Amino acid sequence: MAVPDLLRQLSRRAWEPALARAHRAAILMDAPSAEALHWASGAGELLAAGALAVSALSAEAAVPAGAACVVFVVSGALRGGAAAAVRGVLEQGAVRRCVLVCGDEAEGGVVAELEETLRRWMGEGGCAEVVPRGPPLLAPVSAELCLLPALAALLPPLTGPGGPGPAEVGLSALPAELRAAVRAMVGDLDSLFTALGLREESFAVGAFSRVIAAELASYAPAKNRRRTATNKASVIFVDRTLDLAGAVGHHGDNLAEKILSVLPKLPGHKTDVMVNMVELTALQTTDETCSFIAPGCLAQPNDPAAKALWESFMNLKQKEAVMEARRHLVEAASRENLPIKMSMGEVTPEQLSSYIQLFRNNLKALENHCGLLQLVLATVQTLKHPQTSKWDNFLAFERLLLQTIGESEMPSVLNQLLPMIKSYNKRTKDDYACEDFLVLLVYIYSVVGEIKCGKELDTAEEEVKKALVKAICDEPEPSPLLQKITGCDSSLNLTSQKATDAVDGIFRSLRDIARVRMHMKQFNSIHNPGSNTHQASYKPLLKQVVEEICNPDRPDSVDIEHISSGLTDLLKTGFSMFMKVNRPHPGDHPLLIIFMVGGVSVSEVKMVKDLVATRKPGTQVIVLSSVLLTPHSAVELLFAPDRLQPDLHI
C-alpha cells in the first residue's frame, strides 16, 4: 500500500480507543486533538458510535445529563493546562467514570499513577481508565502532507549573538518547555514509524534538527524497532528558521495557499478556515461573519469528490484549480439534473456563484455535494477578498526587494521601506498594515543573511522602529495578531512603552534571523543576486536540500548531517576517513520523509513533490510538519511571546 494511504489509515486508527468507549459517553478533547480528528475523519464517527456530545476540553465544560462516562482525549502528556482542565471537570462531582486517551508515554507504572490521580480528582467511588493511543494524532492535509497538530507551537530557537553555536546545542541546553516538546515529538515519530514498519536513517539540516535527530537515534524503543523493521527510509529534519522567507513570502500561484491566508481561521484551529455558508441559505444579510450560520471548511475526509478537488487546489496553478472547481460543480449539477448552462472561457467568481445558486433550494443535491460546495464557496470568497488583490502587490514588492538587496546595503533597504509605514488614518486600502510590515521585515532579514553591523544600520533600524511603534499605537483597535505580539487585547491597554518593548523584541529576533545561516557552508545563502542578464531571485533552502538529495552523483553534503544511531554507523563514518566505505546518503532509500521543524508552506510541499517526481521518479516522498504556515501565522509563531506554552488556552 502507498504511504499516503497508510498515513490516512493511521490517522483514523489513533481514534479507535475513543471510538470503542464512545457509547453514551461525553467526549472532551484539547484543540490539537480536535484538529487531528477534523482532518482524519470528523466528529461524525464518534457521534455515530454513540457519543452524546463531542466538545472542547476546558475546566468549565459541562457533562450532559445521562452520560455514562467522560472520555478525555489529550494530544500529549497530562500536564499543564490539559491537567488543570481535566481536574476542573472531574472536581465538578458529576463524573463517576472516566477514560483518558493520551500518548504512548503513559505506559507501565505511569498508567497506574495516572489512574490513581484521576480517581482522586473524582472523589470516592470514582472509576478511571488510562489508554495509550498507539499511533500519534495526525492531520492528513493532503496526499503528500501530514501534520502533527500537538507540535504546532514548536519552532527552532533563535540563538542570540552571544549564545551557543550549533555544535554546542544539545537537549540539556534547551528551555524546559522545548525539551518536553522534543521528547514528545520523538515519541510520536517512533510510534508513527513503528506503525509504518520503518527502519530509518536520520539526517539533519540545522542545529535544532540535529538535537531532534540525535534524540530519535538514541531513543531506546526506536533502537529496538530498527533492529527488526524492514521498510527502509531516509528522514531529513530541516530547521524552519534557516529560511523564513519560504514561510512569509508570497511565492507561486497557488489557490490553496491564498484560501488559507485570507479566510478567517476556524476557532481553535491552526490550519483550516471558516467558509461563509450564507449563500446557500435564503437569509439576506450583509454581515460577512454571520456567526449564527455554521461555517463550512476545507477538510472533507469523507467526501471523495471534495478531497480530489482539494488535491487540485494544493497542486495546480490558481487558474487551473479554479477551472477544476467549475468542472466539478458542473458535473455535480448534471448528476442532479439541475438546469446548468455551461460557459467556456475564463472562470469568474460570479460564474461560480451562479452555479452554486442552483443547489440552494434542492436539499438532496445540497446533501449529496455539501463538501464540494464548501470548497467552491471558499474559492469564490477568496477570489473576491481584498487581501487577494494585495497578494500580487506583495509578490511584486518582494521581487523588488530581492533586486535592491543585491545592489544596496541593509540601511538603504530599510530607508526605502520607511515612507511606506503609515498610520491608520493615512492608509488607503492598498497600503500595508502594521502586520504586513512585520511580514516584509522577516522576509528581508531572512533573505539578506548576515548583516554588516554599524552605526548606519542602527540609525536606519531606529527610524523604522519609531514609525512602527507610532503606527501600532494609532490603530483604533489592534488586530488579533498585534494583540498577541504586544500582549494587549485593547487599544486602551496599549501604551507607547508596551509597543516599544514589543518592537524592540521583534528587531532583536530579526538580527538573530539574519545570522541563523552563518554556520552553514553549503546552504548559507537563499539569495541569488542576479547578473546583467538575470534578475535577482530567491532560492529556497528546501529546494537546495532536495536537489542535493536527488543529485545522481551522490556528493557528501556538509550541511545535510547524518545522525548515527549506533556503533555500526559510527564505525562506517570513522572508517570512511581512511578507506572507501559508503556513508549513508539521504537518497539511498525508496521512501523520503522530510520533516520541516517549525511549519511548512503549501508552496514548499508542492515544490518538494515536483522536484522528487522529476529528479528521482522511483522515490515516494512525504512531508511531515507541525503546522501549515501562512505569512501572518509565521509572524505570530515567531513573535507571540507565549508560543512555548501551547496549552494556555485550555
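Modeller: In this predicted model, helix 1 (residues 3–13) packs against helix 7 (residues 176–196) at an angle of about 120°, and their axes are 11 Å apart.

Colleague: Which residues make the contact?

Modeller: Helix 1 supplies L6, L7, L10 and R13, and helix 7 supplies L192, A195 and L196. Of the residues in this contact of helix 1 with helix 7, six are nonpolar, none is polar and one is charged.

Colleague: What makes helix 19 roughly perpendicular to helix 26?

Modeller: The axes of helix 19 (residues 434–448) and helix 26 (residues 631–639) cross at roughly 80° and come within 10 Å. Roughly perpendicular runs from 65 to 115 degrees, so the label applies to helix 19 and helix 26. On the helix 19 side, E435, D436, L438, V439 and V442 meet P631, H632, V635, L638 and F639 of helix 26. That contact of helix 19 with helix 26 divides into seven nonpolar residues, one polar and two charged.

Colleague: How many residues are in the largest nonpolar core, and which have the most contacts inside it?

Modeller: The largest nonpolar core has 131 residues, and V205, W310, F313 and Y445 have the most contacts inside it. Helix 19 gives the largest share of this core, eleven residues. Another core, of 38 residues, lies apart from it and includes L138, L178, V211 and L591.

Methods:
Residues are numbered from 1 along each chain as its sequence is written. This is a predicted model: local features need pLDDT of at least 70, side-chain atom pairs count only at pLDDT 80 or more; totals for chains, interfaces and linings use all residues. Side-chain values use heavy atoms; hydrogens and water are left out. Axes are lines fitted to C-alpha atoms, for helices over the stretch in contact, and angles run from 0 to 180 degrees between N-to-C directions. Helices (H or I, at least four residues) and strands (E, at least two) are DSSP runs, numbered from the N terminus. Contact means heavy atoms within 4.5 Å. Ala, Val, Leu, Ile, Met, Phe, Trp, Tyr, Cys and Pro count as nonpolar, Asp, Glu, Lys and Arg as charged, and the others, Gly among them, as polar. A nonpolar core is a set of buried Ala, Val, Leu, Ile, Met, Phe, Trp, Tyr and Cys residues joined through side-chain atoms within 4.5 Å. Buried means under 20% relative accessible area, exposed over 50%, partly exposed in between (1.4 Å probe, protein chains only). Angles under 35 degrees count as roughly parallel, over 145 as roughly antiparallel, 65 to 115 as roughly perpendicular and the rest as oblique.
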